[in-house]
Amino acid sequence: MNKNLVLHALHEVKDPEIDAISIVDLGMVEAIRGDDSKLVVELLPTFMGCPALDIIRKNVEEKLDRLKVFNHIEVRFINDPPWTSDRVSDLGREQLKSFGIAPPPKKINETGGWEVGCPYCDSLYTTMENLFGPTACRSILYCKSCKNPFEAMKPLSTMM
Amino acid sequence: MKKKFYHGEGRRILKKNDQSQMDSMERKVLIELLYQLADDDFILAYRGSEWLGLAPHIEEDVAFSSINQDMMGHAAMFYQLLEDLGEGHVDILAHGRSSKDRKNAVLLELVNGPGHYLEKPKFDWAFTVVRHYFYTQFKKIRMESLKNSSYQPLADVAVKVNMEIYYHLLHWKTWFMQLIDANDEARNRMETAVQQVFDEFADVLSYGPNGREIAEAGFIDKEEIITQMWKHQLLTVFESVNLSIPIKIKTKSGKGREGFHTDDLAVALSILSEVYHIDPAANW
Ligand SMILES: [Zn+2]
């Protein structure tokens with residue numbers, strides 16, 4: 001089985017909510033297994049109430065089907081290991097920023113707060129407006145330097 | 001196949017990856033526990049969703065909706081585990097079961113306040129904050145324990161749920177602390193709500209008639225341990241805001257784990273199933 005071919009196709013599947021980032025750079029792809037007769041792709045769901053999961057599964061199946069290499073394709077969501085926000089790749093972090101979303105902070109302090117840089121001007125002079133944004137995985141913040149509201153991806157870690 | 005060991009009661013309980021590794025009693029009580037977990041989140045997420053457009057301000061509306069969506073997601077995961085054990089399709093498990101078959105705690109099914117959500121509701125924000133905060137604190141402790149469950153698929157789900165409710169707990173705790181400290185009127189209303197929630201909370205903490213077997217199979221820590229930890233967490237917070245209400249918990253309105261519910265649940269389920277029967281294929 002040509003794993004790189006599969007990976008290449010998966011790079012074309014974007015997050016339906018943020019189409020600047022692929023599911024590979026989001027860190028959702030855990031395993032690619034099997035052979036030409038049967039391909040198994042295991043994905044990790046990000047946030048569980050996320051309605052985009054079904055769309056992602058369908059898009060993955062479509063992209064892989066279009067390769068016309070595999071007789072049977074199975075796309076599965078698994079919970080072990082859990083998806084955590086440190087799985088977002090460095091490229092993915094840049095792509096989020098280009099979309100106007102601050103990448104997930106790498107550490108959280110004692111009180112549950114985190115320092116987030118503004119995706120527009122990189123200033124750390126920002127405040128949390130609403131921990132819960134328009135989707136499960138994002139918060140709403142405000143940059144006091146360039147006076148722009150922006151969104152940030154919430155950190156998710158097993159240490160929580 | 002994974003072979004992890006669980007240390008409980010000084011015994012080593014072999015991790016189970018599927019039901020073939022269980023005897024019939026273990027399987028039965030695992031299913032019972034899963035119904036409690038799923039039904040708890042399902043009905044409280046519904047009560048939360050009734051606040052849509054009625055929360056104290058627009059930011060809270062956004063936050064509360066997000067929390068409700070997460071909780072529905074958690075319920076769906078637990079119903080999925082039940083489906084995997086042969087209990088039927090997730091959608092039927094969520095929407096097709098009657099009041100007497102539900103295993104959620106009675107506290108979580110009670111209405112948000114007098115009035116229908118479409119006609120001049122007088123919802124009680126203090127009651128909602130206290131109910132959600134106390135429940136989420138309990139859920140956090142419950143998930144921490146389930147992370148070591150002898151049933152591996154449940155342990156995996158608990159790891160995920162636990163990360164997400166970190167934010168829920170932060171949210172409700174903030175509301176609780178703010179309202180308790182706001183002014184005399186707010187504090188009085190909060191103290192009344194705390195009393196109301198305590199009067200029903202024994203049912204939340206209960207594992208039902210087979211509680212001992214559930215813990216003995218290593219699915220979760222003993223009821224008394226979870227209860228102690230929950231009380232300890234609350235006491236610490238109470239002390240920090242000089243709240244001296246004794247934690248005396250009761251079951252006033254019913255025993256949900258045994259299927260004894262209030263009419264509030266039957267009414268909620270009929271509204272929910274009406275919506276479901278109009279379009280069973282709709283996403284929920
Ligand atoms: Zn800025």
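In the predicted model, 4 strands of chain A form an open sheet in the order S6-S9-S8-S7, with mixed pairing. Strand S6 (101-102) and strand S7 (126-130) of chain A stand at the edges; each has a single partner strand, so one side of each lacks a neighbour in the sheet. Strands, of at least two residues (E), and helices, of at least four residues (H or I), are DSSP runs numbered from the N terminus, and two strands pair if DSSP finds at least two bridges between them. S6(A) is joined by 2 bridges to strand S9 (residues 149-153) of chain A, and the two run parallel. Within this pairing, A:Ile101 stands opposite A:Glu151 of S9(A). Strands of a sheet pair through backbone hydrogen bonds, either parallel or antiparallel.

Residues are numbered from 1 along each chain as its sequence is written, and chains are lettered from A and ligands numbered from 1 in the order in which they are written. Local features need pLDDT of at least 70 and side-chain atom pairs count only at pLDDT 80 or more, while totals for chains, interfaces and linings use all residues; side-chain values use heavy atoms, leaving out hydrogens and water.

Over all chains, 0 disulfides are found, a disulfide being a pair of cysteine sulfur atoms within 2.5 Å. A:Cys121 is partly exposed, with a relative accessible area of 34%, whereas A:Cys137 is buried at 9%. Buried denotes under 20% relative accessible area, exposed over 50%, and partly exposed the range in between (1.4 Å probe, protein chains only).

Chain B contains 9 helices and 2 strands, arranged along the sequence as β-β-α-α-α-α-α-α-α-α-α. Its 284 residues would give a compact globule a radius of gyration near 19 Å, and the value for chain B, 19 Å, agrees; the radius is taken over C-alpha atoms, and the globule rule is 2.2 Å times the number of residues to the power 0.38. Along the principal axes, the C-alpha atoms of chain B fill a box of roughly 55 × 50 × 30 Å. Of the 284 residues, 56% count as buried.

Helix H4 (residues 125-146) of chain B has 22 residues and reaches 30 Å from its first C-alpha to its last, close to the expected 32 Å, which is 1.5 Å times one less than the number of residues. Of these 22 residues, 21 are buried, so H4(B) is largely enclosed by the rest of the structure. B:Asp124 caps the N-terminal end of H4(B), with a side-chain oxygen 3.1 Å from the backbone nitrogen of B:Ala126.

Note on methods:
Polar contact = N/O pair within 3.5 Å; in protein donor to acceptor, adjacent residues only side chain to side chain.
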